[in-house]
Amino acid sequence: MEERKTILVVDDDVMNRMIICSIFDADHDVIEAGNGQEALERIRSINRRISAILLDYMMPEMDGLELLRILRMSHLVQDCPVFLITAEANSEVTRQAYELGVMDVISKPVVPFIVRRRIESVIELFENRKRLELTVNEQAERLLSQSERIIRLNYGMIEALTTAIEFRSGESGAHVRRIHDITLYMLENTILGDGFTGEEKTQIALASIMHDVGKIAVSDTILNKPGRLTEQEFEIMKTHTTEGARLLSQIPQLRELDAFKYAYDIALHHHERWDGGGYPEHLAGDEISVCAQIVSLADVYDALQSRRCYKEAYSNDRALEMIVTGQCGVFNPVLLEEFMRVEKALRPLVAGGGDE
Amino acid sequence: MSEQLLELLEAHGVAAKEAAERLGGNCALYLRVLRRFTEDRSCALLCEAAVCADAHKGLLYSHTLKGIAANLGFSRLSELTQAQCGLFRSGDTQEAFALTGDIEAECSRLTALLEEVNGQS
């Protein structure tokens, strides 16, 4: 072995230590201890890694097995092979030593070339294992960092796409971020979030920002028309739900994201209503997923309090009145009840800060 | 010179050649370790344990002597300490301590022999 290693020899007899040290001192740094207590002091005071411990069993002050127990409990020498070198023929001692994690038991009288071979082989094995672990950890970290970069890029692309659509509607892109925040708050603070894991809630909130992505397929004339849409124009506007779902399903990279199934569902169903009076599929009640229900309420809540090309911003009171009286369609009563319970906390998240 | 010393030790019942062989034929190291034996206190401590009838210490020092004897080729001492350790383990403390005299005598004999060897080396 090319590199000098540090080996700790623990034996109460100086002659045994001399013999063992003579085996290693040409190629390694050997430190000695006369008993378990001394060994602990050496291990604590040394500022370099110990590559192997050669341990006698019977010693005054603290015997080899006691030292092994302390080392094991205190994790003082993790990943360091320990060898019991003993004149003890008692198999119970050997069993206990192996149970306490010794690598090998070597009998006295020692045969130097055998001891050297056995110990250096194990040291080499441990060094290789450590190198391998280090390489695996480095690779895992690199992969994790790459995958985090990809996720950030995906999120960035999603945000860029949805913001671009909002700009087309004459908005700043803040609406989608507010929908994200309201959706996440509802999931985390109401019973509607029950049954979802933390990660699922994060994915649903991310998916919510893509709810209006289908508006890319709607012409600027309709999208930015001041005032009321004609029946025909409204029919075209309604296609942003189906077009959104179609668009999302045509992006292969998006289909691989955990958020995709939620994004697809939300884009398609965020205008459905509890009584079946929504569009495009006229789903009713529990046919509409919880995430689509939450996003549709969040969308209405924020849109009512925002200025749009076709209307001024309503006050918080007026917006709530319109929601509760069903002027924006009928919502799930449980959703409404939970929404009203936490609405005050949602005000800072919406356009105009809920008049506050 | 080393060869003669090994022969002398062999003549007095020490398996010196085998012990030196185990140390990779390093006679200098073997003789250096032998010198240390004359300063070793394990036998004296074993005798003290016998006086106090302290079986725990008796086993500890007998065991230490057993390891030294095996390493250095002290065949007779090795046999005696092995027997004594066995008796301590089986709980025959009295019989175990009864061997202390023989062990002390063997250690004295070896010490005298090693002093002679040291004088010649």
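Analyst: Two packed helices are described by the angle between their axes and the distance between the axes. In this predicted model, the axes of α3(B) (residues 27-37) and α8(B) (residues 100-120) come within 9 Å and cross at roughly 130 degrees. Helices here are DSSP runs (H or I, at least four residues), numbered from the N terminus. Axes are lines fitted to C-alpha atoms over the stretch in contact, with angles from 0 to 180 degrees between N-to-C directions. α3(B) and α8(B) are therefore oblique to each other, a term for angles that are not under 35 degrees (roughly parallel), over 145 (roughly antiparallel) or 65 to 115 (roughly perpendicular). Residues are numbered from 1 along each chain as its sequence is written. Chains are lettered from A in the order in which they are written, and local features need pLDDT of at least 70.

User: Which residues make the contact of α3(B) and α8(B)?

Analyst: L34(B), R35(B) and F37(B) of α3(B) meet L110(B), L114(B), V117(B) and N118(B) of α8(B); contact requires C-beta atoms, placed from the backbone, within 7 Å.

User: Which residues of α3(B) are buried?

Analyst: An α-helix has 3.6 residues a turn, so residues three or four places apart point the same way. In α3(B), the buried residues are Y30(B), L31(B), V33(B), L34(B) and F37(B), buried meaning that 20 or more other C-beta atoms lie within 10 Å of the residue's own. Down the axis of α3(B), these buried residues fall within an arc of 160 degrees, so they line one face of the helix; the arc is that of the directions from the helix axis to the C-beta atoms. Their cover includes α1 of chain A and, in chain B, α1, α2, α5 and α8.

How values were computed. This is a predicted model: local features need pLDDT of at least 70, side-chain atom pairs count only at pLDDT 80 or more; totals for chains, interfaces and linings use all residues. Helices (H or I, at least four residues) and strands (E, at least two) are DSSP runs, numbered from the N terminus. Two residues are in contact if their C-beta atoms, placed from the backbone, lie within 7 Å. A residue is buried if 20 or more other C-beta atoms lie within 10 Å of its own, exposed if 12 or fewer, and partly exposed in between; C-beta atoms are placed from the backbone.
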